[in-house]
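Thanks for coming. Please have the sequence and the coordinates open.

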Amino acid sequence: MTQATLHQLNILEAIARHGSFTRAAEELGLTQPTVSQQIKQLTKAMGLPLFDQIGKRIHLTEAGESVLIASRDIADRVAQLEMHLSDLQGMEKGRLRLSTTTTAKYFVPRLLGPFHQQHPGITLSLEITNQAEVMQRLSNNEDDLYFTGRPPRDMDVELRPILPNPLVVVANRSNPLAGLKNISLKQLAEQPMIMRESGSGTRAIVEQFFVDNRLDVNPIIDLTSNEAIKQAIVGGLGVSVLSQHTLALENNESPLVILDVEGFPIQQYWYLVYPSGKQLSVAAQAFIDFILEEGKQSIEETLSNTLQ
Ligand code: PGA
C-alpha cells in the first residue's frame, strides 16, 4: 500500500467523480494511457480491483470506495498542510471549494468578490446544484463548506445559521390578487401553483407548509430553476412560493409582485454546514470568519432593498 502515490489517488478521485477515465484524463491534462497505467499501479498496490465497468460507465468496487474516502481525507490534509506552510511563509494561498443550493446562489456568489479582494491568493470554486445533490456532496466530503436552507437531519454536521430566508408568494403584477391585503390560503389554493422539482429544498419546505395547513393546492408544473419559474409567472402560467432572495434584482417596475397571503412569509434560515470533525482549511475558516463578520451584513442590506 505504501507504493501508492498522491498522484494516483488524485486520478482515482477524478475518475470516481466523472465515472470515466477519458473525462478524468481531460480534467487532469493527462493522456488516457497514463491514467490507465497509474490506476493499474494503484490497483496493484492496494491488492484488490478498484473499478468495475458496466457498459460505458465505470463504477467503484467496495475496495475502490474505501480508497476514495481515504483519498479525499488525504487531499484535505495535504491542502491544509499547503495552507499552513504558505501561512508560515507569510503568503495566503490554497483553494476553497464551496457548494451551494440553487437558491442560495442568489447570495453566495456575491460574497466571493469582497472575499477575493481580502484573500487574492485563494483559488475559489463554487458548485451549484439542488438541495438533495448538495447533501450528497456533503456526505461524500467533496467540498470545504456547504450552504443550504435545509440542514441534514441524518448526518452529524456543524451548523452555522447565517441569514433569514423568507419564502414568499410570487405572482404576476396583473394577477387580480396583486395589491390585496391578507389573501386567504383558500384563495391561494385556487391559483395554478408552479413548483420546484423534487429534491429541491424550497419544494420540501413549501410542501410541508401545505400539509401543515391542510391546503389542497393546484400544481400546474414542476420546474428545476427559480429563474424559469419567474419567467413562467411573467408569462401568466401561475404563482409560486420562492425564497425572497430570488427577487434580489427585481425592483418596483418588475412584472413580479409579492402577494400578501396569510401565513406568509414562511420564515426559514440559511445555514453554512460542514461535517462534524472535519479539519477546516485556513481558507475555509477565513471564509466563515468573513461571512460572520461582514458578508452577512452586506447580504442583509441587499435583501432589505429587494421587492417587498
Ligand atoms: P433549492 O434550495 O430549493 O434550490 O434546492 C433551497 C434550500 O437550500 O433549502
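Is Ala283 buried or exposed? Ala283 is buried, at a relative accessible area of 0%. Buried here stands for under 20% relative accessible area, exposed for over 50%, and partly exposed for what lies in between, with a 1.4 Å probe and protein chains only.

Before going on, the conventions. This is a predicted model, in which local features need pLDDT of at least 70 and side-chain atom pairs count only at pLDDT 80 or more, while totals for chains, interfaces and linings use all residues. Numbering runs from 1 along each chain as its sequence is written, and side-chain values use heavy atoms, with hydrogens and water left out.

Back to Ala283, which sits in helix α10. Helices (H or I, at least four residues) and strands (E, at least two) are DSSP runs, numbered from the N terminus. Not counting residues up to four places away in sequence, Ala283 touches Met83, Arg95, Leu96, Phe115 and Ile122; a contact is a pair of heavy atoms within 4.5 Å. Val273 is 10 residues from Ala283 in sequence, and the two C-alpha atoms are 15 Å apart.

Now the whole chain. It has 10 helices and 11 strands, and its C-alpha trace spans about 70 × 50 × 35 Å along the principal axes. Of the 308 residues, 48% are buried. Among contacts with a separation of 6 or more, 76% are between residues 24 or more positions apart. Accessible areas are from the Shrake-Rupley method with a 1.4 Å probe; for residues, only the protein chains shown count as cover.

Next, domains, with bounds from an automatic or database domain assignment. Domain 1 is 1-90, domain 2 is 92-163 + 269-304, and domain 3 is 167-259. The centres of domain 2 and domain 3, taken over C-alpha atoms, are 27 Å apart. Their contact involves 13 residues of domain 2 and 17 residues of domain 3.

On to the cores. In soluble globular proteins, nonpolar side chains tend to be buried together. A nonpolar core is a set of buried Ala, Val, Leu, Ile, Met, Phe, Trp, Tyr and Cys residues joined through side-chain atoms within 4.5 Å. The largest one has 26 residues, and Leu96, Phe107, Leu145, Phe147, Leu272, Phe287 and Ile291 have the most contacts inside it. Two or more residues each are given by β3 (94-101), α5 (108-118), β5 (145-148), β6 (157-172), β11 (266-275) and α10 (282-304). The largest share, 8 residues, is from α10. Another core lies apart from this one, with 23 residues, including Val169, Met193, Val206 and Phe209.

Which residues does Phe107 contact, leaving aside neighbours within four places in sequence? They are Ile162, Leu163, His245, Trp270 and Ile299.

Now the ligand. There are 13 residues around it, and Thr102, Thr103, Gly149, Ser200 and Thr202 come nearest; to be counted, a residue needs a heavy atom within 4 Å. For polar contacts, the criterion is a pair of N or O atoms within 3.5 Å; within protein, one must be able to donate a hydrogen and the other to accept it, and residues adjacent in sequence count only if both atoms are side-chain atoms. A polar side-chain atom of Thr202 is 2.6 Å from a ligand oxygen atom. Polar backbone atoms also take part: one of Gly149 at 2.8 Å from a ligand oxygen, and one of Gln131 at 3.0 Å from a ligand oxygen. On its own the ligand has 280 Å² of accessible area, and the protein covers 99% of that.

Last, some loop residues. Phe264 and Pro265 are joined by a cis peptide bond, omega about -5°, and Pro265 is in the loop between β10 (256-259) and β11. Asn141 has a positive phi, near 55°, in the loop between α6 (131-139) and β5; Asn141 is buried, at 15% relative accessible area. Asn182 has phi near 50°, also positive, and lies in the loop between β6 and α7 (185-189). Asn182 counts as exposed, because its relative accessibility is 56%.
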